[in-house]
Amino acid sequence: MASWKLVQKTKQILEKERGTVYKPWGGKITVCLIYPNRYHVGMSNLGFQTLYRSFNSEDDIVCERAFLPDPEDLQEYQDTQTPLFSLESQKPLSDFHILAFSVSFENDFPNILTLLDLARLPLESRLRGREHPLVMGGGVAVFINPEPLSSFFDLFVLGEGEEAIEEVWEVYREAFAKKGGEDKADLLKRLAGIEGIYVPQLYHVAYGEDGRIESMEPEPGFPRQVKRRWVKDLDRCPTHSTLFTPDTELKGMALVEVNRGCPRGCRFCAACFVYHPFRSRSYSLLEASAREALARESRIGLAGTAVSDYRDLLPLCQSIVAGQGGISLGSLRLDNITPELIQCLKQGKDRTIAI
Ligand code: SF4
């Protein structure tokens, strides 16, 4: 039985949202997309929002969301023995077929265990069976290094997940269609056949006394190295905000992703290498995305690893200003700043820029 107080708070959160997707569950694959931090933080995460839109665009998939409860709610969950539930339907996470964690920051790793515990699920993958949801993880913190989480996840999507996840759905649909489902070990082996999918149970990792990995042996038939996926044509995967709420860090702003990777190649920079190679979206697509976003919010945040290296940044900013929109840029390289760009950002009321 869920706490009335927690359910009421969830409904109040939903009332303030625009873009929420509600779908009936009957006969569909149910996925709970989880951000391992508070709602206020997670709802400004563009990757998280993109997955929500992408999963729900599949007719046979229902995707709902869950977040780390606020500290006062965490206490209420514990006091009332309420199992962690999703936002949209307030169903317990253990009722879903799949739990998909979107992990952007290493500091959130401990929260993943808190969330699994609140969901009343065994923490370790080996202790969960066919009767439990499949627990998968993706996001930049995971594909930089999934190993610290390897005991807790059934599988990881390494790299940019847009194309890999379509292949995961194809395999999962076959298992879902089988009467009584498919044995978890068999399903994981089939999923491990997809490029970019890492199933830790199929790899035997030996650690030295200093805690470093000494060896990593795959089970026969599986690759020694799991290749990271990356999307060759970013125009195939438009990435922009689709969910809006005043209860988030970047309220009043719609985010549009401009590019991934960076042409500069600084050796210390993880963002450059995990998103290699440098790719930008076409001007026509970004201009259309920004125009669409301006119908929802008055301010556009242009996101990307190397926004100021985008060839058409000035015309894009000018088109946003011409549409009466405000602009926000995460950061600018000093050698890319021109008087025209500064003038345009001034018109777009961008008041803080990291250089
Ligand atoms: S994003 Fe910045 S730090 Fe990273 S490679 Fe590009 S210029 Fe260097």
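User: Which residues is Arg-128 in contact with, leaving aside its neighbours within four places in sequence?

Analyst: They are Leu-116, Pro-122, Leu-123, Pro-133, Val-135, Phe-152, Phe-153, Asp-154 and Lys-184. Contact means heavy atoms within 4.5 Å. This is a predicted model, in which local features need pLDDT of at least 70 and side-chain atom pairs count only at pLDDT 80 or more, while totals for chains, interfaces and linings use all residues. Residues are numbered from 1 along each chain as its sequence is written, and side-chain values use heavy atoms, with hydrogens and water left out.

User: Why is Arg-128 called buried?

Analyst: Its relative accessible area is 4%. Buried means under 20%, exposed over 50% and partly exposed in between, with a 1.4 Å probe and protein chains only. Arg-128 at 4% is therefore buried. Arg-128 lies in the loop between H5 and E4; helices (H or I, at least four residues) and strands (E, at least two) are DSSP runs numbered from the N terminus.

User: What does the side chain of Arg-128 reach, and what makes that a polar contact?

Analyst: The side chain reaches the backbone oxygen of Phe-152 at 2.7 Å. A polar contact is a pair of N or O atoms within 3.5 Å; within protein, one atom must be able to donate a hydrogen and the other to accept it, and residues adjacent in sequence count only if both atoms are side-chain atoms. The 2.7 Å distance lies within that limit, so the pair qualifies.

User: How do you know that Asn-45 caps H3?

Analyst: A side-chain oxygen of Asn-45 lies 3.1 Å from the backbone nitrogen of Gly-47, at the N-terminal end of H3. In that helix, residues 46–56, the buried residues are Leu-46, Phe-48, Gln-49, Thr-50, Tyr-52, Phe-55 and Asn-56.

User: What makes E2 and E6 the edge strands?

Analyst: The open sheet has 6 strands in the order E2-E1-E3-E4-E5-E6, with mixed pairing. Strand E2 (61–67) and strand E6 (197–198) each pair on one side only. Two strands pair if DSSP finds at least two bridges between them. E1 (residues 29–35) and E2 have 7 bridges in the parallel sense, so they pair under that rule. Helix H5 (residues 109–118) packs on the sheet, touching E1, E2, E3 (98–102) and E4 (134–138), and its direction makes about 155° with that of E3. Axes are lines fitted to C-alpha atoms, for helices over the stretch in contact, and angles run from 0 to 180 degrees between N-to-C directions. Helix H7 (residues 162–177) also packs on the sheet, touching E1, E2, E3, E4, E5 (155–157) and E6, at about 140° to E1.

User: In what order do the strands E9, E10, E11 and E12 form an open sheet?

Analyst: The order of the 4 strands is E10-E9-E11-E12, with mixed pairing. The edge strands are E10 and E12, each pairing on one side only. E9 (residues 253–260) and E11 (residues 299–304) are parallel over 6 bridges, and Leu-255 stands opposite Gly-301. Helix H10 (residues 283–294) lies across E9 and E11, at about 170° to E9.

User: What makes E7 and E8 a hairpin?

Analyst: They have 5 residues between them, and Gly-211 in the turn has a positive phi of about 90°. E7 (residues 203–207) runs antiparallel to E8, joined by 5 bridges. Tyr-207 stands opposite Ile-213.

User: Why is Gln-324 counted as exposed?

Analyst: Its relative accessibility is 70%, above the exposed cut-off, so Gln-324 counts as exposed. Gln-324 has a positive phi of about 65° although it is not a glycine. Gln-81 has a positive phi of about 55°, also without being a glycine. At 55% relative accessible area, Gln-81 is exposed too.

User: Is Val-231 buried or exposed?

Analyst: Its relative accessible area is 1%, so Val-231 is buried. Val-231 and Glu-160 are 71 residues apart in sequence and 6.6 Å apart in space, C-alpha to C-alpha.

User: By class, what does the shell around the ligand have?

Analyst: There are 5 nonpolar, 2 polar and 2 charged residues. They are Cys-262, Arg-264, Gly-265, Cys-266, Phe-268, Cys-269, Cys-272, Thr-305 and Arg-333, near meaning a heavy atom within 4 Å. Ala, Val, Leu, Ile, Met, Phe, Trp, Tyr, Cys and Pro count as nonpolar, Asp, Glu, Lys and Arg as charged, and the others, Gly among them, as polar.
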